[in-house]
Amino acid sequence: MSEPFAAPAARSLGPVILLGVPGAGKGTQAQRIVAHYGIPQISTGDIFRAAADTPQGRELAQYMERGELVPDRLVCAILAPRLQQPDCRQGFILDGFPRTVPQADWLLTFLAEHRMSGARGPIVVYLTVGYNDLYRRLAGRRTCPKCGRIYNDFSQPPQRPGLCDLDGAELVQRRDDDPAVIRERLISYEERTLPLIEHLRRRSCFHQIYGADPVARVTENVFWALESCRDGAA
Ligand code: AMP
């Protein structure tokens, strides 16, 4: 990727919330923020998938396989200890959380209580993509099970079909990227997550960015938004 900003971050960034419909490119942009700013990406979906072999993971999977949202109290209880790990002190990127207004309120209270966000509240980056692009993006998404790199059969294919460029592992499709489940996920997004956008717009340093531009352009815009929200920025 071309680096839009030459110098790596020296100051802490604080919490960054990536919002957008499934397939808007949150995961890809999160990986780029991690590489540039050195703060961890915290994806509730990834945490839940990593717990797959535990009793709690099996409870979570029941919701996920249907494309439904996991109940708020369960999500927040799983997330709270992760946000208190030492690697979150300089900031972190939330990818896939919050997804409902109660989750957002829980988070804002948590951040205030733990003095984790700056004067303007957390940084929110809202990636928008037209619905026509989304289905293709989700249905074409492939992930490396070994290193987590994300590809897309249509827009970002690997050099050798089906194999990760970095480690040669066979790429996999997420179970919930199946067409029937995609439909449910988009419905639950409209019902539960869209109201959240307006809620957070008024309570954060909020930037809306068009996510269907070329990936490097989107990243450039995201980094610009992050820099303009840092404490002390004009
Ligand atoms: P993701 O990887 O973010 O697309 O999440 C995959 C699935 O995990 C979602 O379809 C939900 O079932 C569940 N999930 C992830 N994050 C949340 C959240 N913040 N609230 C409720 N359910 C979630």
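In helix H5, the residues Gln-103, Ala-104, Leu-107, Leu-108, Phe-110 and Leu-111 are buried. Their directions cover an arc of only 165° around the axis, so they sit on the same side of H5. Turn to the other side of H5 and you'll find Ala-112 and Glu-113, which are exposed. Keep in mind as you look around that this is a predicted model.

How many residues does H5 have, and how far does it reach? H5 has 13 residues and reaches 18 Å from its first C-alpha to its last, close to the 18 Å expected at 1.5 Å a residue.

Helix H3, residues 55–66, can be checked in a similar way. With 12 residues at 1.5 Å each step, H3 should span 16 Å, and its end C-alpha atoms are 18 Å apart, which agrees. The buried residues in H3 are Gly-57, Leu-60, Tyr-63 and Met-64. These cover an arc of only 120° around the axis, so they too share one side of their helix, H3.

Now for the ligand. Which residues are closest to it? Thr-44, Arg-49, Glu-68, Arg-99 and Gln-103 are, out of 16 residues that surround the ligand. By type, the shell divides into six nonpolar, four polar and six charged residues. Helix H2 (residues 44–50) gives the largest share of that shell, with four residues.

| Protein atom | Ligand atom | Distance |
|---|---|---|
| Arg-49, polar side-chain atom | oxygen | 2.9 Å |
| Glu-68, polar backbone atom | oxygen | 2.5 Å |
| Arg-99, polar side-chain atom | nitrogen | 2.8 Å |

How much of the ligand does the protein cover? On its own, the ligand has 470 Å² of accessible area, and the protein covers 96% of that.

Let's go back to Gln-103, one of the residues closest to the ligand. Gln-103 is found in H5, which runs over residues 101–113. Is Gln-103 buried or exposed? Its relative accessibility is 3%, and buried means under 20%, so Gln-103 counts as buried. The side chain of Gln-103 also reaches the backbone nitrogen of Arg-99, at 2.8 Å. Arg-99 is itself on the list of residues closest to the ligand.

Thr-100 is another one to look up. You'll find Thr-100 in the loop between strand S3 (91–95) and H5. Thr-100 has a relative accessibility of 2%, so it counts as buried. What does the side chain of Thr-100 make a polar contact with? The partner is the side chain of Asp-72, at 3.0 Å.

His-199 lies in helix H7 (residues 179–201), and it is buried, with a relative accessible area of 12%. Although His-199 and Ala-104 are 95 residues apart along the chain, their C-alpha atoms are separated by 8.3 Å. Ala-104 is one of the buried residues of H5.

Cys-164 can be looked at the same way. Cys-164 lies in the loop between strand S6 (150–152) and H7. At 0% relative accessibility, Cys-164 counts as buried. The C-alpha atoms of Cys-164 and Arg-149 are separated by 7.8 Å, with the two residues 15 apart along the chain.

How values were computed. Residues are numbered from 1 along each chain as its sequence is written. This is a predicted model: local features need pLDDT of at least 70, side-chain atom pairs count only at pLDDT 80 or more; totals for chains, interfaces and linings use all residues. Side-chain values use heavy atoms; hydrogens and water are left out. A residue is near a molecule or strand if one of its heavy atoms lies within 4 Å of it. A polar contact is a pair of N or O atoms within 3.5 Å; within protein, one must be able to donate a hydrogen and the other to accept it, and residues adjacent in sequence count only if both atoms are side-chain atoms. Accessible areas come from the Shrake-Rupley method with a 1.4 Å probe; for residues, only the protein chains shown count as cover. Helices (H or I, at least four residues) and strands (E, at least two) are DSSP runs, numbered from the N terminus. Ala, Val, Leu, Ile, Met, Phe, Trp, Tyr, Cys and Pro count as nonpolar, Asp, Glu, Lys and Arg as charged, and the others, Gly among them, as polar. The expected span of a helix is 1.5 Å times one less than its number of residues. Buried means under 20% relative accessible area, exposed over 50%, partly exposed in between (1.4 Å probe, protein chains only). The arc is that of the directions from the helix axis to the C-beta atoms.
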